[in-house]
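Dear colleague,

I am handing over the structure we spoke about, and it is shown just below. My notes on the ligand and on the aromatic side chains follow it.

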Amino acid sequence: MVIDPTTILLSESKQALFAAIVSSSENPIISKTLDGIITSWNPAAHRLFGYSENEAIGNQISIIIPEDRLAEEEFILEEIRSGKPFDRFETVRKTKDGRSIPVSLTISPVKTSEGRIIGASKIIRDISEQNKIVEKQAILAAIVDNSDDAIVSKSLRGMITSWNKAAEKMFGYREAEVLGKHISLIIPADRLEEEDYIIGEIIKGNKVAHFETIRISKEGKEIPISLTISPLLNESGVIIGASKIARDISEKISSQKEKEQLYRKIKVLSRKKDAFIAMAAHELKTPVTSLSGFLQLLQKQISPDDKNSDLVQRCINRVEKLTMLVNDLLDISRIQGGKLQLRIEPFDIVALTEEVIVPYRHITTHQIEINAPESVRIMGDRMRIEQVLANLIGNAIKYAPKGGTIGIEIAQDKENVFISVSDEGIGISPMHLAGLFTPFYRVADPENRVSGLGMGLYISKEIVERHGGTIDVTSQSGRGSVFKFILPKQTASEKENCDS
Ligand code: ADP
């Protein structure tokens, strides 16, 4: 037989072309004999399995087959011997360093020019990434399926493209009923323009978050929902639609309504309470004032040696206490009605403090110490500041039942005067500090050892703040407390005005 040299040249160049394709392929391409001996091994196979061409050729194909899959190879060879190709056979292969790699195999028989099968060629694709994507998609699908929120997707023209189980439950339509239908199916007629706004935002690439609105169920029920809508992008990043997550907020709305109702009720009750305090204080004021007057008259009429004189004095003391309580109640109603009047005048707060402590020195065994500069002038309501001092000193005595020292410090800087009243009494635990200056707040005292109504500190705070100052406390349970207040001093121009 005469062989045409052109045919030889053609067949040689074809082989060279195949060799170039195989060697530059991104996928491993290998071939083996029917006994499983490797006969070719391209660079991609080297990269994937770690064996070089020299190491692999002549070796058994089983070097890349996990032990538990060796039987698979027998089956593949059987099929190849009978001339059957395999396409996309998914299995696992192992690398030189023992890692398992999920692969897809395409196996074809290798035949001689006479058509005799002498081996097989394999194109191997690493499908780890593909498997990861599939896995991720399955996880996402499960999340969407099991979500309590309705998750719906739609095209830019508003056509529904997916509808999860929660959407079926929330809106009453099955997925098959709504796919391809327009989203306006669940939008109330008077809210249709919302859809134009949402799509407008989506087209701009914006997310619409926590958009509270109403949608309609299949039975026509209005459902208050909170919507979060995000653009859906295709692989090239082009916006092709929107995904909507809808949360049923019926409960939130009804609990909000309940809260509002409760708030309104509390406000009404609080107003009633304020009105009651104001009325009670005014009703008490007149008889208490008269009683005080009568008692003083009576005191004047009986001789100090009379056996009833002591009784009358005790009555006067009690009525004084009652008068103070009534005055505190009146102050509270004035504060709450915004009617607490101040009569501002210049005075010396050191002199005032010294005056205030005189009566206390007579009635208590506590040591009262005062440490103050000679004089500090302030502008304020003398009687109201006296009330604050009396309340703090009175409390220091009341809440230090075992006695001890009551220290009064007055200090000043250019602008302010700092007054503190300290005691060595029962102290206040940290959890009560925040409530102290609120109306009627008293630290729980199960034995009710010290009487009071929790009005003094609240009134003191109001008075100090109305003077542009602040009041504060530091305390340690069982060791004592320090109440401090700061007031602005009389300014030079105020002093000048007063002097002229
Ligand atoms: P009252 O003394 O009439 O109850 P206050 O408003 O003056 O009202 O005081 C509120 C509460 O603060 C008191 O009931 C008491 O529990 C606590 N308190 C005030 N001053 C002191 C103090 N110096 N030491 C310990 N606790 C105090």
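A polar side-chain atom of Arg442 is placed 2.5 Å from an oxygen atom of the ligand, though please keep in mind that this is a predicted model. Of the 530 Å² of accessible area that the ligand has on its own, the protein covers 96%.

The ligand is surrounded by 19 residues, and the closest include Asn395, Tyr399, Asp423 and Leu457 along with Arg442.

Turning to the aromatic side chains, the structure holds 5 aromatic pairs. One of them joins Trp41 and Phe49 in a tilted arrangement, 5.8 Å centre to centre with 40° between the planes; both of these residues are buried, and together with Tyr51 they form one aromatic cluster. Another pair, Phe437 and Phe483, is edge-to-face, at 6.4 Å centre to centre and 75° between the planes. This pair links distant parts of the chain, 46 residues apart, with Phe437 in the loop between helix H13 (430-433) and H14 and Phe483 in strand S17. Phe437 counts as buried because its relative accessibility is 11%, and Phe483 is likewise buried, with a relative accessible area of 9%.

Terms used: Residues numbered from 1 in each chain as written. Predicted model: local features only at pLDDT ≥ 70, side-chain atom pairs only at ≥ 80, totals over all residues. Heavy atoms only, no water. Near = heavy atom within 4 Å. Polar contact = N/O pair within 3.5 Å; in protein donor to acceptor, adjacent residues only side chain to side chain. Areas by Shrake-Rupley, 256 points an atom, 1.4 Å probe, with all protein chains shown as cover. Phe/Tyr/Trp six-rings, centres within 6.5 Å; stacked < 30°, edge-to-face > 60°. Buried < 20%, exposed > 50% of the residue type's maximum accessible area, 1.4 Å probe, protein only. Helix = DSSP H or I, 4+ residues; strand = E, 2+ residues; numbered from the N terminus.
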